Amino acid sequence: MLEIRNLHATINGKEILKGIDLTINDGEIHAVMGTNGAGKSTLSNVIVGNPAYQVTQGEIVFNGMNLLEMNTEERANAGIFLSFQQPVEIPGVSMTNFMRAAVNARYKALGREQLSAGDFLKLMREKRKLVELDSKLTGRSVNEGFSGGEKKRNEIFQMAMLEPDFCILDETDSGLDVDALRIVAEGFNKLRRPDTSAIVITHYRRLLDYLKPDIVHVLIDGRIIKTGGPELALEIDEKGFADYTAL
Amino acid sequence: MEDVAREFVNKDYEYGFHTDVHTEIIAKGLDENVVRLISEKKGEPEWLLEFRLDAFRYWQTQEPPSWAHLDMPEIDYQDISYYADPTSGKKDGKDGAKEIDPELMKTFDKLGIPLEERMALAGVAVDAVMDSVSVKTTFQEKLRENGIIFCSISEAVRNHPDLVRKYLGSVVPYRDNYFAALNSAVFSDGSFVYIPKGVRCPMELSTYFRINAMGTGQFERTLIICDDDAYVSYLEGCTAPMRDENQLHAAIVEIVVMDRAEVKYSTVQNWYPGDKDGKGGVLNLVTKRGHLRGVDSRLSWTQVETGSAITWKYPSCILSGDGAQAEFYSVAVTNNRQQADTGTKMIHIGKNTKSTIISKGISAGKSQNSYRGLVKVAADADGARNYSSCDSLLLGSTCGAHTFPYMDIHNDTAIVEHEATTSKISEEQLFYCRQRGISTEDAVSLIVNGYAKDVINKLPMEFAVEAQKLLGVSLEGSVG
């Protein structure tokens with residue numbers, strides 16, 4: 001699915017990623033844990049092609065495609081989805097129009113026929129229920145006036161609409177109360193197909209209890225310094241990152 | 001790289017072609033003889049020639065205005081031809097009317113304005129004006145069944161001289177301003193509309209203005225009279241070929257609204273804006289004004305301004321009738337080197353009059369976009385109300401947005417509110433859209449249309465769709 005080799009990346013000239021190697025196979029969920037500023041969000045931004053970041057070395061191959069030669073929307077339409085840590089508000093653009101444009105673009109890339117307005121609204125209704133997103137919210141402008149938890153649910157709702165092959169959940173658990181966390185995580189589990197892969201970025205074990213990662217990585221100072229099974233998440237939850245940051 | 005960029009910018013303006021049609025153009029230059037010649041060509045009565053000459057003599061004493069926030073090129077009025085007739089190549093037909101050159105019909109087809117009635121947009125009657133002459137007005141017969149007059153102003157002068165004489169210059173006198181005086185002296189064609197008492201016009205009326213000939217100016221003159229209890233919705237569209245020189249379009253639109261009558265006037269202005277370096281483009285210097293004479297009369301101006309190198313335009317309302325209500329909805333887009341100084345004047349004279357101003361400016365590239373508005377409440381205008389909201393949206397950091405609201409209030413009971421905001425399309429917003437698979441161009445179009453939807457929604461539906469597309473196209477290449 002996704003293969004990252006010796007990835008170095010900078011923002012505003014400052015090197016954040018200092019040689020990442022990561023292989024994610026079909027159907028695997030990888031957790032990336034680490035301290036603030038370790039480069040977790042940079043990693044997700046670089047994978048999806050945020051133009052604010054520069055890749056200085058290395059490569060990313062996604063299902064045989066060289067991602068670094070593709071622009072942001074091409075990567076998205078190839079099936080890569082980022083659930084944003086802080087989803088931005090877009091005043092004046094209704095969720096419906098926004099999703100319509102996104103779904104049209106994705107369907108076009110998949111060679112599927114465009115949905116009629118009626119079918120599209122029906123799909124919106126179905127997927128909304130999956131993450132228990134209030135119908136009032138899909139009538140509003142994108143993320144405008146949404147609470148923190150509603151924004152995160154809205155991210156998972158968009159994932160449901162776009163049916164990506166590979167998802168990055170960037171601190172989806174931050175700002176969520178226990179119930180909201182459960183709804184979001186269960187929504188994600190319902191959505192994923194057997195071959196859907198994901199990177200889950202988090203500080204805490206809570207989300208991982210629901211998502212059950214196959215592999216856990218510890219990212220410190222731009223490098224993956226330890227990789228293990230689910231037990232690694234438990235260990236970090238107990239002891240924190242002190243053992244690693246002292247290295 | 002430069003060439004690719006230029007091609008891209010030019011490609012955006014898809015109406016930039018020229019029609020090769022025999023056109024009679026009078027020699028360049030402006031003096032009394034030219035004014036007389038135009039009047040003679042149109043076979044006008046003496047009183048109209050006198051009107052033109054008075055205007056011309058007044059114009060000669062005036063200086064062009066300099067108060068707008070515009071960097072206006074100097075216009076050499078002697079280097080312009082004031083009359084171009086693209087219908088001159090054809091002999092008069094049997095019934096006295098000129099046959100229409102098929103090339104002209106094709107041109108309007110290409111612009112999406114078919115002049116064959118059977119091909120036309122359902123429910124829209126069109127007056128098609130190219131350069132100085134109205135080529136054809138559709139559905140005239142059908143409208144006449146309701147007593148509605150819809151024709152070119154030249155035809156109205158011939159067939160309805162009393163109405164024209166009564167109202168021409170009654171809303172915008174030639175002394176109003178420099179360009180109004182010029183227009184009054186040399187105006188060529190435009191539309192005339194009369195809706196009789198109690199008639200609700202069953203179709204949208206529309207005029208399509210096209211500049212074609214080179215080195216000419218277009219001096220549109222439109223007069224709309226909506227009698228007691230009548231209603232009409234009117235739409236104006238405009239395009240021009242791409243040329244390296246500036247072209248002058250100096251228009252006057254006058255609207256008279258009687259008791260309980262209602263007029264909706266919509267403009268989708270897409271004159272050639274010049275290339276990305278600011279070469280060429282139409283100078284759009286326009287005086288539009290409505291006089292709400294009647295009690296409870298209503299007038300709304302809706303404009304979507306995407307074209308022109310320079311726009312100088314303030315569609316205004318004089319609210320004389322008690323209970324009159326006026327609205328101004330505007331979206332003005334400027335990109336590259338375009339400049340717009342546009343807004344409205346709301347003059348409250350009658351009691352309990354109400355006006356609403358919603359202005360949305362969108363600036364990109366190295367353009368300058370200004371809102372300029374006046375709200376005036378006269379001493380006797382008890383209970384006058386105005387609400388103004390002026391928003392600016394910036395794309396990038398090299399453009400400018402400016403707001404110049406003026407208020408002149410002489411009555412203590414008036415309630416006048418003004419709100420203004422400035423916002424920017426952020427990199428984060430674009431990135432978010434692109435991560436969802438939406439291209440930058442589509443994302444800008446989505447955001448801009450969302451921002452402008454309060455105004456776009458006021459347009460008749462067929463044109464709202466066109467306007468939405470136009471907003472996206474006008475801003476292509478402005479981000480990224």
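In which order do the four strands of the open sheet in chain A lie, and is the pairing parallel or antiparallel?

Analyst: The model is a predicted one. In chain A, the four strands of the open sheet follow the order β2-β1-β4-β5, and their pairing is antiparallel. On the β5(A) side the neighbour is strand β4 (residues 53-62) of chain A; two bridges join β4(A) to β5(A), and the two run antiparallel. F62(A) has M65(A) of β5(A) as its bridge partner.

Strand β12 (residues 281-292) of chain B pairs with β14(B) in the parallel sense, over four bridges. In this pairing V286(B) stands opposite K313(B) of β14(B). Strand β17 (residues 339-348) of chain B is also joined to β14(B) by four bridges, and these two strands run parallel. Here I310(B) stands opposite Q339(B) of β17(B). In a regular strand, side chains alternate between the two faces of the sheet.

Helix α11 (residues 461-474) of chain B is covered on one side. The helix has 14 residues and spans 20 Å from its first C-alpha to its last, close to the 20 Å expected at 1.5 Å a residue. Its buried residues are F463(B), A467(B), L471(B) and S474(B). These residues are on the same side of α11(B) because they cover an arc of only 85° around the axis. M461(B), V465(B) and K469(B), on the other side of α11(B), are exposed. The cover over the buried residues of α11(B) includes the chain B strands β9 (231-239), β11 (262-269), β13 (298-305) and β16 (325-334), together with α10 of chain B.

Leaving aside residues up to four places away in sequence, C226(B) touches I195(B), V232(B), V256(B), V257(B), M258(B), A261(B) and V263(B).

The contact between the chains takes 22 residues from chain A and 17 from chain B. On the chain B side, α9 (427-435) and α10 each supply at least two residues. Helix α9(B) gives the most to that side, with seven residues. By residue class, the chain B side divides into six nonpolar, five polar and six charged residues.

E14(B) lies in the loop between α1 (2-12) and β1 (24-25) of chain B. Residue E14(B) counts as exposed because 12 other C-beta atoms lie within 10 Å, and the exposed class takes in counts of 12 or fewer. The C-alpha atoms of E14(B) and I357(B) are separated by 31 Å, and the two residues are 343 residues apart along the chain.

Terms used: Residues are numbered from 1 along each chain as its sequence is written. Chains are lettered from A and ligands numbered from 1 in the order in which they are written. This is a predicted model: local features need pLDDT of at least 70, side-chain atom pairs count only at pLDDT 80 or more; totals for chains, interfaces and linings use all residues. Two residues are in contact if their C-beta atoms, placed from the backbone, lie within 7 Å. Two strands pair if DSSP finds at least two bridges between them. The expected span of a helix is 1.5 Å times one less than its number of residues. A residue is buried if 20 or more other C-beta atoms lie within 10 Å of its own, exposed if 12 or fewer, and partly exposed in between; C-beta atoms are placed from the backbone. The arc is that of the directions from the helix axis to the C-beta atoms. Ala, Val, Leu, Ile, Met, Phe, Trp, Tyr, Cys and Pro count as nonpolar, Asp, Glu, Lys and Arg as charged, and the others, Gly among them, as polar.
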